[in-house]
Number of protein chains: 2
Amino acid sequence: MGTHTLNNVIKVGGAVVEDSAQLAILLDEFVKIEGPKVLVHGGGRTATQLAKQLGIESQMVGGRRITDAETLRIVTMVYGGLVNKTIVAQLQARGVNALGLTGADMNLVRAHRRPITPEGIDFGFVGDVDSADGAALYQLLEMGITPVIAPLTHDGQGHMLNINADTMAQTVATALANAAGATSASTTLTYCFELPGVMRDPADPSSIIPEITEESFSSLVADGTISGGMIPKLENAFEAIRAGVAAVRITHISNLQGGTVISSEK
Amino acid sequence: MGTHTLNNVIKVGGAVVEDSAQLAILLDEFVKIEGPKVLVHGGGRTATQLAKQLGIESQMVGGRRITDAETLRIVTMVYGGLVNKTIVAQLQARGVNALGLTGADMNLVRAHRRPITPEGIDFGFVGDVDSADGAALYQLLEMGITPVIAPLTHDGQGHMLNINADTMAQTVATALANAAGATSASTTLTYCFELPGVMRDPADPSSIIPEITEESFSSLVADGTISGGMIPKLENAFEAIRAGVAAVRITHISNLQGGTVISSEK
C-alpha cells in the first residue's frame with residue numbers, strides 16, 4: 001500500500017448495532033471512510049435478552065459477562081451469527097465487501113481461558129488475548145475486504161471464548177499497526193459511543209475536548225474534568241497508542257471524523 | 001495450483017454436526033483429506049430446538065423450512081453462529097486454518113428471495129441462488145484457508161436468506177469447478193449421510209453400489225433398486241456433474257473416500 005495509507009478500526013457497541021435506525025446511521029458513515037477499514041461490534045443487549053427468553057440468568061461482574069457453557073452458546077449465536085451477519089448483509093447492500101469474522105476464523109486472535117481471579121471469580125469461557133495475526137488481517141484488507149469482527153475468539157483447543165468488544169478492537173488495531181507490511185501505513189482506532197466525544201460538560205455539546213495527550217489527560221483527571229468510566233476507557237486508548245496505534249478517537253456514530261482524538265503527541 | 005489438484009467439497013448434515021461424537025469422527029476424517037477442501041454444513045435440528053424453546057413453531061413444506069422474520073433470526077444465529085463457529089474452533093484445534101462463511105460474506109453467493117410458489121406457498125426469507133463467486137473461493141483455498149460454509153446467503157439488499165445445505169454444497173462445488181484459475185484442477189463433491197453409500201439393500205452393508213453413471217441410474221430406477229428420496233439426491237448429483245463437478249460421492253462420515261461415486265462416465 002502507498003505511503004499515505006490509513007487503516008481505520010471502528011468499534012461500535014451493542015446499543016447501536018441492535019437498533020436498526022442507529023445501525024443504518026453508523027453504516028452510512030462507515031461506508032464513507034476511504035481506505036482499508038475494519039468494524040468491530042458488540043451485541044450484549046441482544047445476548048442478555050435471548051438468555052432471558054431461554055430462562056438463563058445473565059451474571060455480570062465489573063461489566064463483564066460470566067460465560068458458562070450455556071451463555072457461550074448464546075453469545076456465539078448472537079455475536080458470531082445474528083449481529084455479525086446482519087451487519088455483513090447490510091454492508092454488502094451498501095457495496096462494501098464485508099467478511100464476518102471471529103478470532104477463531106483464520107486463527108486471527110489466539111487466547112486462553114481466563115484463570116479464576118484472586119477474588120475467586122470464575123468468568124468461565126472468557127478469553128484473555130495471547131496474540132493476533134495482523135499480517136492475515138492486512139492480507140484481507142489488501143484484497144479489498146472489510147472485516148466485520150465479533151467479540152469472540154478461541155483457545156486453540158476447540159472452544160470458543162467470549163471477549164470484550166473494546167478489547168477486541170484494541171487487539172485488532174494494535175495487530176494491524178504492528179503487522180509486517182504495515183510499516184508504510186498507520187492505524188487509527190475509533191470508539192463510537194453515545195456522546196459526541198469526551199466532554200468538559202456532558203450537557204453542553206460545545207464542550208467537546210478536541211484532543212487529549214498523556215500530559216493533558218493527567219491534568220484533566222487531576223482537576224476532575226475526566227472521571228468515572230471515562231478514565232479506564234482513556235487508559236485503554238493510551239495503551240493502544242503506546243502499542244503503535246497512531247491515534248484513538250472517541251466520538252458519536254454520526255461523526256466518525258470528529259469527537260475527541262487521543263494522540264501520541266506529548 | 002498443479003495439474004493434479006483436486007478440490008474437495010464435503011457436505012455434512014445437521015444430524016452429524018449436532019452430535020459432538022459424530023462431529024469429532026467427521027472432523028478427524030476431514031483433516032486427513034489432502035489438498036484444498038471446503039466443508040458445508042447444516043444445522044436444522046438445533047434451529048428447530050431453539051425455535052421450540054422460544055415458542056416459535058417450525059413449519060416445514062417438502063422438507064424446506066418456512067422462514068419468517070423470527071425464524072430467519074434463529075437460523076442466522078444457529079447456522080451462522082453456533083454451528084459454524086463450533087466447527088471452525090474444532091478445525092483450528094486440529095491444525096486446519098478454517099474460516100467460517102455464509103454466502104453474504106465476501107458476497108460469495110448471491111440469491112433472491114424465493115417468489116410465492118404457484119401453490120401459494122410463501123417460504124419467506126428463503127433464497128434461490130443467482131450466482132456464486134468461485135474465483136473468490138479459489139483465492140481463499142490458494143491462501144491455505146479451509147472455508148466452512150453455513151447454509152445462509154443474502155439478497156444484496158441487506159437481508160440474509162436461508163438456503164438448503166445440499167443446494168449450498170452443490171453451488172459451491174459448481175462455482176469452484178468453473179472458477180477462473182481452476183482449469184488445471186478438478187472438484188469433487190461428497191454428500192455425507194447415515195448409510196455407507198447408495199445400497200442395493202439398506203440392511204446389507206455389502207450391497208453398496210460403488211459407481212453410478214447416468215446410464216446405470218436409469219436402469220437402477222427402472223428396476224426399483226433406487227427409489228424415494230434417493231432419486232432427487234442423485235438427480236442433484238448429476239446436475240452438479242453436468243455443471244462441471246468431476247464426481248459426486250455419497251458416503252458415510254467415517255469413510256469419506258468410500259461409498260458410492262456418481263461420475264460423468266456414461
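In chain A, the strands β11 (residues 186–193) and β13 (residues 247–252) run parallel and are joined by 6 bridges, where a strand is a DSSP run of E of at least two residues, a helix is a run of H or I of at least four, and both are numbered from the N terminus. Within that pair, Cys192(A) has Thr251(A) as its bridge partner in β13(A). Before I go on, please keep in mind that this is a predicted model, in which local features need pLDDT of at least 70 and side-chain atom pairs count only at pLDDT 80 or more, while totals for chains, interfaces and linings use all residues. Residues are numbered from 1 along each chain as its sequence is written, and chains are lettered from A and ligands numbered from 1 in the order in which they are written.

As for confidence, chain A averages a pLDDT of 92, with 96% of the residues scoring at least 70, pLDDT being the predictor's confidence in each residue on a scale from 0 to 100. The model as a whole scores ipTM 0.94 and pTM 0.95.

Back to the sheet. The open sheet of chain A has 8 strands in the order β5-β8-β2-β1-β11-β13-β14-β12, with mixed pairing, and two strands are said to pair if DSSP finds at least two bridges between them. At its edges are β5 (98–101) and β12 (211–212) of chain A, each of which pairs on one side only. In chain B, β12 (residues 211–212) and β14 (residues 260–263) pair in the parallel sense over 2 bridges, with Ile212(B) opposite Ile262(B). Strand β13 (residues 247–252) of chain B, by contrast, pairs with β14(B) in the antiparallel sense over 4 bridges, and there Ala247(B) stands opposite Ser263(B).

Let me turn to two helices. In α5 (residues 134–142) of chain A, the buried residues are Gly134(A), Ala136(A), Leu137(A), Tyr138(A), Leu140(A) and Leu141(A), where buried requires 20 or more other C-beta atoms within 10 Å of the residue's own, exposed means 12 or fewer, partly exposed lies in between, and C-beta atoms are placed from the backbone. Their cover includes β1 (6–12), β5, β7 (127–132), β8 (146–149) and α6 (165–177) of chain A. After α5(A) comes Gly144(A), with a positive phi near 80 degrees. Helix α3 (residues 44–53) of chain B has Gly44(B), Thr46(B), Ala47(B), Thr48(B), Leu50(B) and Ala51(B) buried, under a cover that includes α1 (14–17), β4 (64–65) and α4 of chain B. Gly55(B), which follows α3(B), also has a positive phi, near 75 degrees.

Most residues other than glycine have a negative phi, and two residues deserve a second look on that account. Asn107(A), in the loop between β5 and β6 (109–113) of chain A, has a positive phi near 55 degrees, and Asn107(A) is buried, with 23 other C-beta atoms within 10 Å. Met106(B), in the loop between β5 and β6 (109–113) of chain B, has a positive phi of about 60 degrees and is buried, with 26 other C-beta atoms within 10 Å.

Finally, Val78(A) touches Gly43(A), Thr46(A), Ala47(A), Leu50(A), Val83(A), Met77(B) and Gly81(B), leaving aside residues up to four places away in sequence.

Methods. Two residues are in contact if their C-beta atoms, placed from the backbone, lie within 7 Å.
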